[in-house]
Amino acid sequence: MLSAKVTCNSHGQDSSYFLGWEEYEKNPYDEVKNPNGIIQMGLAENQLSFDLLESWLQKNPEIAAFKKHNNDQSIFKELALFQDYHGLPAFKNALVRFMSEIRGNTLIPATRILIPTPYYPGFDRDLKWRTGAEIVPIHCSSLNGFRITKPALEDAYKQAEKQNLKVKGVLVTNPSNPLGTSLSLHELDLLVNFISTKNIHLISDEIYSGTVFSYPSFTSIMEVLKNRNLMNTEIAKRVHIVYSLSKDLGLPGFRIGAIYSNDERVVSAATKMSSFGLISSQTQYLLSEILSDKKFTKTYLSENRRRLKQRHEKLVKGLQKTGIRCLQSNAGLFCWVDMRHLLSSDTFEGEMELWLKIVYEVGLNISPGSSCHCSEPGWFRICFANMSEETLAVAMQRVKSFVESIVKKNTQSRHQQLLKRDSRRSKSLPKWVFELSFDHQREVGDER
């Protein structure tokens, strides 16, 4: 049943990305209750620094109780009553300062969308279902680490033109999901030049901007515009940033997101649409207090990056011990893992075959590259920040056993092939060869 689903051409919820989740939910791993269950490594969730947030709340109990700092007066009624659709000013200001801190204190001053591959599988659902937009892939290659190039941008645009499709913009995730790499200055400059030439928009999804744990540091697209003196130009009006606290603070359940744009039409449309998904005043108040604590945010960002780097290294080294390498990365909650050498065939069918084994036999839910629209079979996204170190160790042991079994099976298979080849060669030899060999052996025996 699952195999039939993953080989179809449909997208969205039928993607193997979501089907893997379904299998995990049927048989979730638990160290005590279900030690043979499936380990969730397909969820890009940050649980590594949750204790820091809990500690802050314990030290500031009046905030969670919706009371003022100075006089212990309740503000619950004030927050519970009607609030403006634009959000609480205190929260918006605190969020802007937090985004600025992540960006090195550089303040953020029937459509077809081009997206570099591989990309987050949820875009197929999020963009198509809600807006009707169609995605045109910008095919990137492992030969240069899946970096965006000018030829790749131009090829995607020409491909859309051939189909008489109107391209309205480019969407990038910086840092990348699933690659775990931040865009270089060269790539950012390419994108700005490209949208300027084509007169289209650029959307920069910077939801993982606070997860950069090693060199190179994160550079926002707004910083590029500022350095090129483009902030007050028409180009700047076509550049938009989306952000959330789901990854950097590990708060996906709070449903906090933001759009930054210099285009008044975009801001106006977003404001009107926000009435269908408003953030509660209580949530805004709580987070405005947390984000306004500069000492806490500085400590949190530094410690969270340290923990992410440490966990990233554990995954990379654990996979290296089994002969599996990862794309060199510096950000995110996951690794882009190269398993091409484990494929039975260099095809996406071979990738699906391997993925099904990993889900059912190994008991790990990871995301196959094809669900991310990778143009090369054999790549997988593995998440590392949504579990304990002990669970990660169990996962690595399962991978080790699985790879060893494949190596053993391949060795036996090659040995059998050699035996069959020798057998066929012997059968193909003419009769006189055997007679000559027999006579030679007899002469040697007489000599002895």
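**Entry 1: the pair Arg307 and Asp51**

I began with Arg307, which forms a salt bridge with Asp51; the closest N and O atoms are 2.6 Å apart. I note here that the model is a predicted one. I then looked up the accessibility of each partner. Arg307 has 17% relative accessibility and therefore counts as buried, the cut-off being under 20%. Asp51, at 37%, counts as partly exposed.

**Entry 2: two further pairs**

I recorded that side chains of opposite charge can pair when their charged atoms come close. I next examined Lys26 and Glu23, whose side chains meet in a salt bridge at 3.1 Å, N to O. Both residues belong to helix H2, which covers residues 16–26, and they are three residues apart, about one turn of the helix. Lys26 counts as exposed at 61% relative accessibility, whereas Glu23 counts as buried at 9%.

I then turned to Arg265 and Asp263, where the N to O distance of the salt bridge is 3.0 Å. Arg265 is exposed, with a relative accessible area of 64%; Asp263 is buried, at 6% relative accessibility. I also found one network, in which salt bridges with shared partners join Asp51, Glu303, Arg306 and Arg307. The count of salt bridges comes to 17.

**Entry 3: helix H15**

Does the span of H15 agree or disagree with its number of residues? Helix H15 runs over residues 348–362 and has 15 residues, so at 1.5 Å a residue it should span 21 Å. Its end C-alpha atoms are 20 Å apart, which agrees.

I listed the buried residues of H15, among them Met352, Leu354, Trp355, Leu356 and Ile358. Glu351 is also one of the buried residues of this helix. Just after H15, I noted that Gly363 takes a positive phi of about 80 degrees.

**Entry 4: the nonpolar cores**

I looked up the largest nonpolar core, which has 44 residues. The residues with the most contacts inside this core are Met41, Leu315, Leu319, Met339, Leu364 and Ile366. The elements that give two or more residues to the core are helix H14 (294–320), strand S9 (334–338), H15, strand S12 (379–383) and helix H16 (389–428).

Which residues is Met41 in contact with, leaving aside its neighbours within four places in sequence? I found Leu315, Leu364 and Ile366 among them, and the list also includes Asn365, Arg381, Ile382, Cys383, Met387 and Leu392.

Apart from this core, I recorded another of 40 residues, including Leu114, Val170, Ala236 and Ile241.

How values were computed:
Residues are numbered from 1 along each chain as its sequence is written. This is a predicted model: local features need pLDDT of at least 70, side-chain atom pairs count only at pLDDT 80 or more; totals for chains, interfaces and linings use all residues. Side-chain values use heavy atoms; hydrogens and water are left out. A salt bridge is a side-chain nitrogen of Lys or Arg within 4 Å of a carboxyl oxygen of Asp or Glu. Helices (H or I, at least four residues) and strands (E, at least two) are DSSP runs, numbered from the N terminus. Buried means under 20% relative accessible area, exposed over 50%, partly exposed in between (1.4 Å probe, protein chains only). The expected span of a helix is 1.5 Å times one less than its number of residues. A nonpolar core is a set of buried Ala, Val, Leu, Ile, Met, Phe, Trp, Tyr and Cys residues joined through side-chain atoms within 4.5 Å. Contact means heavy atoms within 4.5 Å.
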